[in-house]
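Biologist: I would like a close look at a single part of this model, together with its surroundings. Please set out the terms as you go.

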Amino acid sequence: MDGNAMKIFIYIVFILCGVHTSVAQEKILLWPQGKMPNSKGVIVSDTIIDGRLFQVGEPRVYVYPAAKEKNTGAAILIVPGGGYLRLTADYSNIPIASYYQQQGISAFVVCHRMPASPDLEVPEIAPWQDIQRAMRIICANAAKWGIDSNRIGVFGGSAGGHGASTLATHKEDISAIGDELDCFSYTPAFMILLSPVISFESPIVHEGSRDRLLRDNSSEELIEFFSNEKHVTPDTPPAFLVHANDDKVVSPLNSIVFYQALKNAGVESSLHIFPYGGHRLGIGNCTGSAAVWPNLSIDWLKEMKFVE
């Protein structure tokens, strides 16, 4: 191989390695072996059907660290949607995580247990437990990733918005297991909620999310407990809320009642209801005025001093 050929070969290897590095994400298991709370000890494996994850064997979080030269010191935990039925099975390229990462905001994607898991003692709290633990892991490792622990927020879309807002509105510690992470905070500094499920009360409830989370235990007490607009206080973190007026899956009234509760509690927040977009307001797949919401969220984070 001559000199020029060798240079080309080295260049190709460099590019391929670079692509691999940008795609592959660090995976962190949430719980030490044998210490996962709310478990009967039943062995559960990941169950993937048509690219969707219906059972989660090992709850985990995937890391999208901001590049050093772009790092703002802010971070966001992303709770995926899926109606408390399923999650994406491919965590190598989550568009929303990649978007915030490119803006200098370290992103983390939690892969939590499903309420239908046969291993759970109390199904309705399992996703919440895993989300709390993921936040604690981020806080505990903030220095490693160049993160300011006071600027870690949570993002949730659809049913993920319910998980994210549950984290932000409920103070109960349900993830302590007696290890070194118990002393770290799980309360987010802010929320970004996209077409979120908020309320479990009729007529605005997304029945699928409610019924899958509560399963056979849909008592009035639990419905009120998981109607997160009812648990807003002046200490609730500020929220950036986005919804489409023509969303036929999750009523935009979910975002509206949550904003009203935040407003009544004196929590500075922002509500954006776009005329069109349905239940598909993701990164790169919505058109019209709704397409501006990702950039608006960055402007809001800057305005609220979470991003400098």
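Modeller: Contact is taken here as heavy atoms within 4.5 Å. On that basis, and not counting residues up to four places away in sequence, His170 touches Trp128, Phe225, Asn228 and His231. The model is a predicted one, in which local features need pLDDT of at least 70 and side-chain atom pairs count only at pLDDT 80 or more, while totals for chains, interfaces and linings use all residues. Residues are numbered from 1 along each chain as its sequence is written, and side-chain values use heavy atoms, with hydrogens and water left out.

His170 sits in the loop between helix H5 (159-169) and strand E9 (191-194), the helices (at least four residues) and strands (at least two) being DSSP runs numbered from the N terminus. Because its relative accessibility is 2%, His170 counts as buried, a word used for values under 20% with a 1.4 Å probe and protein chains only. The side chain of His170 makes a polar contact of 3.0 Å with that of Thr169, the limit for such a pair of N or O atoms being 3.5 Å, with one able to donate a hydrogen and the other to accept it, and with adjacent residues counted only if both atoms are side-chain atoms. Leu30, 140 residues away along the chain, has its C-alpha atom 20 Å from that of His170.

Leu30 leads on to Arg60, whose contacts, leaving aside neighbours within four places in sequence, are Lys27, Ile28, Leu29, Leu30, Asp46, Leu53, Val109, Val110 and Cys111. Arg60 lies in strand E4 (residues 60-64) and is buried because its relative accessibility is 6%. A polar atom of the Arg60 side chain is 2.7 Å from the backbone oxygen of Glu58.

Aromatic residues form a further feature, with 13 aromatic pairs in the structure, a pair being rings of Phe, Tyr or Trp (its six-membered ring) whose centres lie within 6.5 Å. Such ring pairs join Tyr99, Tyr100, Phe155 and Trp293 into a cluster. To return to the part you asked about, His170 is thus a buried residue at 2% relative accessibility, placed in the loop that runs between helix H5 and strand E9, with Trp128 and Phe225 among the residues that it touches beyond four places in sequence.

How values were computed
Buried < 20%, exposed > 50% of the residue type's maximum accessible area, 1.4 Å probe, protein only. Phe/Tyr/Trp six-rings, centres within 6.5 Å; stacked < 30°, edge-to-face > 60°.
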